[in-house]
Amino acid sequence: MRIKIIFILITVLVNQLALAQQRTRADRFFEKGDYINAAIQYEEDLNREGYTKHIVKNISASYYNTFQFRQAYRYLKVLTSGKFYNRDKTYDNKYNFMMYQVLSALGEYDKSVEFLALYRSNETTSSDFDKNDAISIIEDFKLKDDDYTIKSVDFNSEASEFGAIKRDSVVYFTTDRKPYGVLNKQYKWTHRPFLDIYQVLVDEENRLVSDITPIAKEINSKLHEGNFCFTADGNTIYISKSNSEKGKKKFDSIRNNSIHLYKSVKVDDNWSKPEKLSFNNVNYSIEHPSLSADGSKLYFSSNMPGGYGDFDIYYVDVNLDGTYGNPINLGAEINTEHREQFPFIANDGHLFFSSNGHLGLGMMDIFVSEFKNEKLNKPINLGAPINSSFDDFSMAYYNETDGFFASNRKKVGDDIYTFSQIGDIFPKEYIARFEVRDYATDAYIKDSDAILYDKDNKVVYESQLDSVAGFDIKIFPGKYNFKASAEGYRTRTKPVVVKEKEEETYVVYLDREKKKEEVIVSSEDSTSDKSTVKDSVNIREEVRITDITTTRQKEDEITKTKLKETLLTDTDGPPVIEKNGRLYFEMPPIYFDYDKWNIRADSKKVLDQLALKLERYKTVYIKISSHTDSRGTESYNQILSERRAESTRNYLALVGYVNARRMKFIGFGESQPLIDCSAKICTEEEHQTNRRSEFEIVKY
């Protein structure tokens, strides 16, 4: 019996040693959440073992979790295409969603939607997903006018900063900028210090007027202190903190250290030691607190069992006696099978939150759910510039129009941005005017027929117009098709994007139908003196006029040649060059933020120089041609390029005082790339090469 027991123990020990040998150093890093070191080690394992499914899956996730999306795409492409060594080519559906997010982060949203569709088709509850609808929705909030202006704050650093809240003249925020001492541990995931809450005094423009200091030693610890919120009087703070007791982490059964909610109260200007809220649980996280305006409800995010997915948004009632109700899930209108986090409840009850489950521009996007008729409505993506293709989160207002949010769009770590709301974030109808005009004369076309279709091809307006060929209609911003026809003209349907602007005019120009050319038939027998004999006086007059015309043409050619030589040799301002027999202003790149058409500050200086030169040469007419990169659909890029060309013309006209009639503009979309990105994922530099504007001299 003893021998049998010894044999069993030896067998178990051998098996454990074998399993330990199978778990590589990379695997151990991966299991501990040290994805930076895991990726490094998996690269070495790949060189030794090749593209095995196990390594490809884990190295993809390691790069994804450390925001190295181009490297993540490299290995996810191997995984999803089945180009790894194992015979079994199946893989978990979550990698399709990961591929969707990575491609979105790289700006390839039309390609990313393919993987979202694949992910949804593998989910039994999501069979009604339409790729074309998804692309159309993304394009709609990309093409909408900006509702916000944003600016990076002065107190960002090389570390991560997020979760900013402003009370009076003090901004509080979360950062991993520095530890308490040289021997403090680092967080394995980021290789940075643990998070703490800091504070800084600012002026009305959020410029620093004091040093940046930790909030209080009673609140900050050697573990994480993250998102937080204050009560209206500022005397109570709710904090996301690592679950701990006596300064040591508390783990669940699988060694996860969750995030819990704590509360601290200010007494005589001193914060009390934070205490756990009663509804925390060691087995899951409860984090990112936000209080309603009256303090009666505390909102938060949690991955507790019974939700819709990864993290959902909940609330509890805050009772007058200091106790709390049971957590209540906000439901499927808000929550998805993925992550909903960082809730913020505005004073009017609107819910702002971040999600990677609702359709967006990239990783985590910020959404708002309007509180109307005593309920939260379907979330709306806030669009650019609040959202980007990276993580955008922790949005919070400190007055009716201004606030802070965070994003990692500029670097691996997070930065804080201020925002000012300048537009309506909820759908609203605007009065728009539509007109039908003659292309050649710009006159109204009497009795023309007009039909306006929405993006679903439903008729919004239809009528025959009178002598003033125009109509006004109150409609929501978005994509429409404007069809016009009239007797003697060619019918035309023009796609239009209705802006968030009152009394904007949208015009369809019609060309006249070409008439059949009159054929003149001459007969040799029908000659007469009138047709063959010319008066000598008339002959002399014709010769004189011909000589004068020829002389003027020669003089014009000489003048034009001199002007061309002058343009080509004038180095003051943007130089003029000749390419393929055409003249162009050689301009530095006119930069636009990705997916936007607003003239950036660095490009305004370039256009100012061009405007000065055009002022000197008043007979020069130009054509502005705008090109986009290949990210997005062909129709979207066509609209985007037209808007960029138009905004360039408008800047030269309105700011540079160049006569608008001297400038034509045209958008070519993605049709004329300098670098072909159709067969590969181009770098940002290659995409920037394709995003360009050209300034051709068409008349001088």
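Author: In helix H11, the buried residues (under 20% relative accessible area, with a 1.4 Å probe and protein chains only) are Ser 603, Val 606, Leu 607, Leu 610, Ala 611, Lys 613 and Leu 614. Seen down the axis of H11, these buried residues fall within an arc of 165°, so they line one face of the helix; the arc is that of the directions from the helix axis to the C-beta atoms. On the other side of H11, Ala 601, Lys 605 and Leu 612 are exposed, that is, over 50% by the relative accessible area.

The model is a predicted one, in which local features need pLDDT of at least 70, side-chain atom pairs count only at pLDDT 80 or more, and totals for chains, interfaces and linings use all residues. Residues are numbered from 1 along each chain as its sequence is written, and side-chain values use heavy atoms, with hydrogens and water left out.

The cover over the buried residues of H11 includes strands E36 (582-585), E37 (621-627) and E39 (692-699), together with helix H12 (634-654). Helices (H or I, at least four residues) and strands (E, at least two) are DSSP runs, numbered from the N terminus.

H11 itself comprises 16 residues, 601-616, and reaches 24 Å from its first C-alpha to its last, close to the 22 Å expected at 1.5 Å a residue; the expected span is 1.5 Å times one less than the number of residues.

As for the setting, the chain contains 13 helices and 39 strands, and 47% of its 700 residues count as buried.

Note on methods. Contact = heavy atoms within 4.5 Å.
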